[in-house]
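These are my notebook entries on a protein model. I looked up how its parts pack together.

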Amino acid sequence: MGLYSDRAGRIGSENAFKIGPHIRSLEETGRDVIRCNLGEPDFPVPGFIKEEVKRQIDLDNTHYCDPQGIPSLRAAIAKQFSETRGIRAEAERVVVFPGGKPPIGLCQQTYCGPGDEVVYPSPGFPIYESFIPYVGATPVPLHLKEENEFSLSGEELASVLTEKTKLIFLNFPSNPTGGVASPEQLREIASVIRSRCCEDVRIYSDEIYEHILFDSHRHHSILSCPGMERNTILVSGASKSFAWTGGRIGWALFPTREEAEVFKNLNINYFSCTAAYNQEGVRLGLESPEGPVAIKKMVEIFQMRRDLVVEGLNAIPGIRCLKPKGTFYVFPNVEEVCRNLGILEGCESLPKEIRQKTSPSTLLQMFLLFVHGVATMDRKSFGRIGSDPFHYLRLSIATGTEDLKKGLARIAAGASDREGFKRFFAAGEHFF
Ligand SMILES: Cc1ncc(COP(=O)(O)O)c(C=O)c1O
């Protein structure tokens, strides 16, 4: 008998949380690091929300509350979903969680078991893939292509569906690519789902970046497509829209009240409830006209930074970067840089056990961090399975403009530093 269950060894992770100690260790030696790795807006929570949270604490609203989420917040979420998705959402079908992340694993635990297939975008948010082996299901990555602007066609989805498909993750606007889906694409995807999936299949539509859209793009949801209400779980949250990752408030609208009850019971088992004073803050954020104003200001800044960074990256020989339509990430193709610096051959020459833990973009990520002082994320951090042939980095633009300019200069220096990479590689440290 070992200490850990088999299951405990099968769960993956989110590397964005793991790079912090590397950055801190560099900073402790006096080096400064430009942080383009962060998945959170670098803005404060809007003032009117902060005031409401403080007021709620002063009212002693600090006790256990409804494990499904306080009724007033669930009503505000249902109203917002009804108005923006053209559906009739009831508060009884809404469940509030400690962030947008928990429902990912909880849905897998609830709907999937051994033999079931879980379809998810790759590159995509790593937690979709991370949980699948944990629940004993089979991962089916759906590789999004740069030539299709990292979007998804109905035909591509159809090619991976089988009678074992149980759960399908969709994420538009998407982390890490910033890709979005047009209403036509969503209608095509919905029509494939309607014709190929039985009624017990669930679509998990992660719309946590719904408000972070550029160039007057509007958000479109699969839930608005005819017939999709009966099997779609719509997920969003406050972490990105209100720059409030530490508030830990996310939510989901389930197809039926019965399913919402199941997730309410999981909340009771895992968390009891989420902080009522933060829920009141989010409720005000959704209800007040100040909410959209605060979001718009933040998005305008992200858009300026996106333009700066995409232009800067495309000016670096060996880097090719699409202009994302939403989120606060850019996802440049760095294959040529990996070739020019000798990373592709270097990676091939590594012993198998090390090669399995790294990749060319991981080596580039580590080289840029440890030698050039800029933190990015490698391709593998967004879905490992089948990622070997792809060489990308994710850069977050949720960092001040001056820092982004410095970061670009450092990436440009790194991209032509063949000798530097040789030394880094020869030192044999920090390969993953
Ligand atoms: C696509 C996606 N879904 C969910 C989450 C989790 O958000 P939260 O911090 O609210 O748990 C993130 C966070 O980066 C994300 O990018």
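Entry 1, a helix pair. I looked up the crossing of α3 with α10 and found that α3 passes α10 in a left-handed crossing. I note that the model is predicted. Helix α3 covers residues 71-85 and helix α10 covers residues 276-287. I read an angle of about 30° between them, and their axes lie 9 Å apart. Because angles under 35 degrees count as roughly parallel, α3 is roughly parallel to α10.

I then asked which residues of α3 and α10 meet. On the α3 side I listed Ser72, Leu73, Ala76, Ile77 and Gln80. On the α10 side they meet Gln279, Val282, Arg283, Leu286 and Glu287. Sorted by class, this contact of α3 with α10 holds five nonpolar, three polar and two charged residues.

I turned to α11 and helix α16, the latter spanning residues 401-415. Their axes are 10 Å apart, and I recorded a packing angle of about 10°. The two helices, α11 and α16, are therefore roughly parallel to each other. From α11, the residues Arg305, Leu308, Val309, Gly312 and Leu313 take part in the contact. From α16, their partners are Thr401, Leu404 and Leu408. By class, I noted five nonpolar, two polar and one charged residues in the contact of α11 with α16.

I consulted the domain assignment, which gives domain 1 as 7-43 + 293-427 and domain 2 as 63-288. The C-alpha centres of domain 1 and domain 2 are 27 Å apart. How many residues of each domain are in contact with the other? I found 36 residues of domain 1 in contact with 35 residues of domain 2.

I next looked up what supplies the side of domain 1 that touches domain 2. Both α11 (290-314) and β9 (329-330) supply at least two residues each to that side of domain 1. The largest share, six residues, comes from α11. The classes on this side of domain 1 are 16 nonpolar, 11 polar and nine charged residues.

Which residues are the closest to the ligand? I wrote down Gly99, Gly100, Lys101, Asn175 and Ser239 as the closest of the 13 residues that surround the ligand. By class, the shell around the ligand divides into two nonpolar, nine polar and two charged residues.

Note on methods
Residues are numbered from 1 along each chain as its sequence is written. This is a predicted model: local features need pLDDT of at least 70, side-chain atom pairs count only at pLDDT 80 or more; totals for chains, interfaces and linings use all residues. Domain bounds come from an automatic or database domain assignment. Two residues are in contact if their C-beta atoms, placed from the backbone, lie within 7 Å. Helices (H or I, at least four residues) and strands (E, at least two) are DSSP runs, numbered from the N terminus. Ala, Val, Leu, Ile, Met, Phe, Trp, Tyr, Cys and Pro count as nonpolar, Asp, Glu, Lys and Arg as charged, and the others, Gly among them, as polar. A residue is near a molecule or strand if its C-beta atom, placed from the backbone, lies within 6 Å of it. Axes are lines fitted to C-alpha atoms, for helices over the stretch in contact, and angles run from 0 to 180 degrees between N-to-C directions. Angles under 35 degrees count as roughly parallel, over 145 as roughly antiparallel, 65 to 115 as roughly perpendicular and the rest as oblique. A crossing is left-handed if the near helix is turned anticlockwise from the far one by less than a right angle, and right-handed if clockwise.
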